[in-house]
Amino acid sequence: MSRPARFRFRLYVAGDALNSGLAHANLTALCRQYLPDRHEIEVVDVFREPKRALEDGILLTPTLVKLAPSPTRRIVGTLGQIQPVLQALGLEALAP
Amino acid sequence: MLKTVRSPLRKVPGKAPTGIAGFDAITGGGLPRGRTTLLVGGAGSGKTVLALQFLAHGARACKEPGIFVAFEEPSERVVENAGSFGWKLEELQHRRLYFMDARPFPDVVQSGDFDLGGMLAALEAKTREIGARRIVFDALNNVLALLPGPAARKRELFRLHEWLVARELTGLITLQTGGDEAGTIGQEPSGFMQFMVDCVVILNHSVVQGVSQRNLRVQKYRGSGFDEDEAPFLIGSGGLDLAVARAPGRAGLKVTTERVSSGVERLDTMLGGGYYRGASVLITGSSGTAKTTLSGAFAEAACRRGERTLFFSFDSEYTEVIRNLASVGIRLDRYVKNGCLRIIPARTITGSAEVHLGRFKTLAREHSARCMVIDPVSSWSTSGNDSTAQGVAERLIDWAKSEGITLVCTKLLSGTSSPVQGGLPLQISTLADTWIHLNYLVQAGERNRGLSIVKSRGTAHSNQVRELILSDAGVTLADTYTAGGEVLMGTMRWEKESAERGAHEAAEVATKLKRVRLDAEEAELAVRLKALQVEIEAKQIEKALLARTTQTHKGELSQGRTRMHELRGSDAPKPGRRKP
């Protein structure tokens, strides 16, 4: 059996906004539970790097982008509802 | 329709002009500067065009760079679509105009709450970079739809509004409404937005009797007066063209007493010198009463004076107009060749009255026309509903006046009904300065054209019906005869004329004859006088002779008596002397 794919995430947050903080916390918890030791999280603060948000077409915060494995997926929101997130990431099998 | 009379709206410095002439007029200068405006309309109602025009004008004419946030179309497409309007967005782009692609990703997954923070952060950066003063959010409803509920939508709208106000940006948010009507307004989210923003503009696109009709209405404008009526508009070659009855501040129109020829000499005389310059002339009549010919005569006269003229023909093709008018001695081809006259065949062109009006204006401007003929107005004014056509006619006349263009319109009146009773759905007749009515008089198996002046403002005009005669030598008017309360025309007029001519000749001969006879009598009398004189002389001589004779006789007689006495011897005769 091949080594499970490594997940690369980029989370766009809007400074210390409540939604953004929640999303960050939820993502960290999710990764720890389902993808231990096989994930990378990059956090982009759109207030600090507005150019990047512009270039990447980020309108809504928080936005989570799954860069790898392909295909790329975008999820907006606090990631509070775990089920659609796992579905979007292709991790339904791991769901309880 | 009763129009509210309002003093011209004062231009307020706190307004951001849109460059849409009619819009700036009804709002007194444009959108509220540093405030947010909501633009609501259905699909294809012209929201994006208006928004782009507002940005382009700001960037070009007002030194106000702008940002266009495209939620609906990719920004390249927006720029491409606007290419036809000649705003040269490409030139302005990057330095003074920025287009931001903000279409939501279609495959985005939602989980939990989120907000527009990302967009605002990006906009913040861009606003600083180019020094933007104007910002457009096109089809904001696309992104609002992603938000999980009314509360979230309200919150995000509020956030957006706060952001705009804090940066004193002049914002324009467009929202789509379902269906053609803006009737769905009042529903969330636009309902809430209407209360939040400072200005609400509604665009309406409807189809009336198969003709497209666009209207714009300002629903609210905090801190400013505005024209509340629906204003029809067009999307023309230069963007939005909003129709306003009269641009404020231009209320005093120049009035002139200059006369221009109608092209028919006797008609000029009937009108006291011709039409007034800048007047609107209406020629009515049923088909074939020479409406076109009369308007052609006007066009020819205008060209002869060297005035640039536009001739819109809704009935005939270009070559037909030339040929038909040439047959009555009106030669327009030379003026077309020297560029003085432009004939625009518009038979095949459809569209609402509004579209036609827009065309008239554009072409008149292009040609710098001083005189204009629309033959006939009836055809285009009926496309669309009557009330709008009425408004268009009003504005057409108003516009022609303000431009100093002398306008001649023809209008078909069905049948030979009297112009006053005959239904005129388009009340152009009350607006026109001069109204000439042409009709047929059928009489003694003939159909003749009669011309009368129904009204002519500010002009003493003849009350008489004249006969209009078309010949290859041109158009003339002839006096008509009234006999027994009936107007005589055509052959009957000719008969009457020749009868009068005959009678006149007979009378002349009779006079001559009488004179000769009198001369003869005089001569005769003179002769007789002479004879009598001679006779008198003869008598006098005779008389003198008689007198002399009488005297001699008398002498002789006395002598004779003495002698006789002597002879008779009656008186003491001597004795002895006897006769045997």
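**First stop: a residue and its surroundings**

Select Ser280(B) and display what surrounds this residue: apart from neighbours within four places in sequence, Ser280(B) is in contact with Ile397(B), Lys401(B), Leu407(B), Ala432(B), Asp433(B) and Thr434(B). The model is a predicted one. Colour strand β15 of chain B, residues 280–285, to see the element in which Ser280(B) lies. Is Ser280(B) buried or exposed? Its relative accessible area is 2%, and because the limit for a buried residue is under 20%, Ser280(B) counts as buried.

**Second stop: confidence along chain B**

Now colour chain B by pLDDT. The mean for chain B is 79, and 84% of its residues reach 70 or more. Select strand β7 of chain B, residues 134–138, where confidence is highest, at a mean of 91; then select helix α14 of chain B, residues 377–381, where it is lowest, at 66. Next, select residues 1–12 of chain B, a stretch with pLDDT below 50 that has 19 contacts in the model beyond near neighbours in sequence. Residues 179–186 of chain B also have pLDDT below 50, and this stretch has 19 contacts beyond near neighbours in sequence.

Display both chains together. In contact across the interface are 27 residues of chain A and 28 residues of chain B. How much area do chain A and chain B bury between them? The value is about 2,100 Å², with 63% of it on carbon and sulfur atoms. On the side of chain A, select Leu54(A), Leu59(A) and Arg74(A): these residues lose the most area to chain B, together 33% of what that side buries.

Select Lys51(A) and Glu129(B), which form a salt bridge with their closest N and O atoms 3.4 Å apart. Residue pairs in polar contact between chain A and chain B, both at pLDDT 80 or more, number 15.

**Last stop: the elements of chain A that touch chain B**

Colour α2 (50–56), β4 (73–76) and α3 (82–89) of chain A; each supplies at least two residues of the side that touches chain B. The largest share, five residues, comes from α2(A). To finish, colour the residues of this side of chain A by type: 16 are nonpolar, seven polar and four charged.

Note on methods
Residues are numbered from 1 along each chain as its sequence is written. Chains are lettered from A and ligands numbered from 1 in the order in which they are written. This is a predicted model: local features need pLDDT of at least 70, side-chain atom pairs count only at pLDDT 80 or more; totals for chains, interfaces and linings use all residues. Side-chain values use heavy atoms; hydrogens and water are left out. pLDDT is the predictor's confidence in each residue, from 0 to 100. Helices (H or I, at least four residues) and strands (E, at least two) are DSSP runs, numbered from the N terminus. Contact means heavy atoms within 4.5 Å. Buried means under 20% relative accessible area, exposed over 50%, partly exposed in between (1.4 Å probe, protein chains only). Buried area is the accessible area (1.4 Å probe) that two parts lose on being put together, summed over both. A salt bridge is a side-chain nitrogen of Lys or Arg within 4 Å of a carboxyl oxygen of Asp or Glu. A polar contact is a pair of N or O atoms within 3.5 Å; within protein, one must be able to donate a hydrogen and the other to accept it, and residues adjacent in sequence count only if both atoms are side-chain atoms. Ala, Val, Leu, Ile, Met, Phe, Trp, Tyr, Cys and Pro count as nonpolar, Asp, Glu, Lys and Arg as charged, and the others, Gly among them, as polar.
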